[in-house]
Amino acid sequence: MSTIAPDPKIFACKQSEALAQDIADAFGIPLGKVITSHYSDGEFQPSFEESVRGSRVFLIGSTFPNSDHLMELLLMIDAAKRASARHITAVLPYFGWARQDRKDKPRVPIAAKLVAKMLETAGATRIITMDLHADQIQGFFEKPVDHLFASTIFLPYLRSLKLDNLTIASPDMGGSKRAYAYSKFLESDVVICYKQREKANVISYMELIGDVKGKNVVLVDDMVDTAGTLTTAADLMMERGALSVRAVCTHPLLSGNAYERIEKSQMLELIVSDSIPTKPHNKIRVISCAKLFADVMLSVNANKSISGKFLM
């Protein structure tokens, strides 16, 4: 008895409409229509304006703060479930709340676990995301998780720069695994920044482990928030004799004084993905992740392997 594959449909949350349109174009189908009704107190209600019965629905939305973005995705998942979608894949280019992946002091939540359970309870049957802050977050889900690596889109660009004396750097000890993976692929040296925080987003001390004199340095991290760590590291490396400092950060949160810090720093370039919308800036280069997500979604829809999409 033959089986008929469900029709794929792609819908966007408000905060990810531009990226979702690019993904839909690369996927080869039009972006589905969603309208959102708003109440005067701030409550809102998304509504699919076409049938999703029996379809494989892809819902694209990064869950960066504020919490309305997460709530919108949850409501859309619930709406798709109640409209009898056959499969509901939550596509989170940026998985927010991921920095709260453990109890680092008493009486605090594990928000990443909570978000995972909410997505599943709402009705998501699969998760596609990119560069989680901590790899173990995949284990918070009972549903399949496709964890993509932004190195797939960044490494070709880094190679195209043809930098001599290239050194890969991690802005903290926690990112050393990612830095070593990049360095292995690019056959370069590695340096690590050791830092101590006074509190969240405030650095009290930083030191380099390794030599950057005469090197072209590329800092690698999963996200850039206030840009305090990156700009401090870049300026320190230039003081220690680096020829140039660039940074590759998958998710450009860029909150607070981030743009101003980047402008004033000695960092030559900040390379980011479009997982989160950014404002135009002369030092920020955006490399699209749309084709990567579209290719993986096509493979998921056709029940094909996605292992070939990983460069490292």
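The backbone oxygen of Met130 sits 3.0 Å from a polar atom of the His251 side chain. That is within the limit for a polar contact, a pair of N or O atoms within 3.5 Å; within protein, one must be able to donate a hydrogen and the other to accept it, and residues adjacent in sequence count only if both atoms are side-chain atoms.

This is a predicted model: local features need pLDDT of at least 70, side-chain atom pairs count only at pLDDT 80 or more, and totals for chains, interfaces and linings use all residues. Residues are numbered from 1 along each chain as its sequence is written, and side-chain values use heavy atoms, with hydrogens and water left out.

Back to the histidine. His251 belongs to strand S12, residues 244–252; strands are DSSP runs of E, at least two residues, numbered from the N terminus. With a relative accessible area of 1%, His251 is buried, meaning under 20% (1.4 Å probe, protein chains only). Beyond its neighbours within four places in sequence, its contacts (heavy atoms within 4.5 Å) include Tyr94, Asp131, Asp222 and Ser275.

Next, S8, residues 166–170: five of its five residues are buried. Leu166, Ile168 and Ser170 point one way, Thr167 and Ala169 the other. S8 pairs in parallel with S11, residues 216–224, over four bridges; pairing takes at least two DSSP bridges. Ile168 is opposite Val218 of S11.

Last, how many disulfides are there? Zero in the whole structure, a disulfide being two cysteine sulfurs within 2.5 Å.

Definitions and conventions: Buried < 20%, exposed > 50% of the residue type's maximum accessible area, 1.4 Å probe, protein only.
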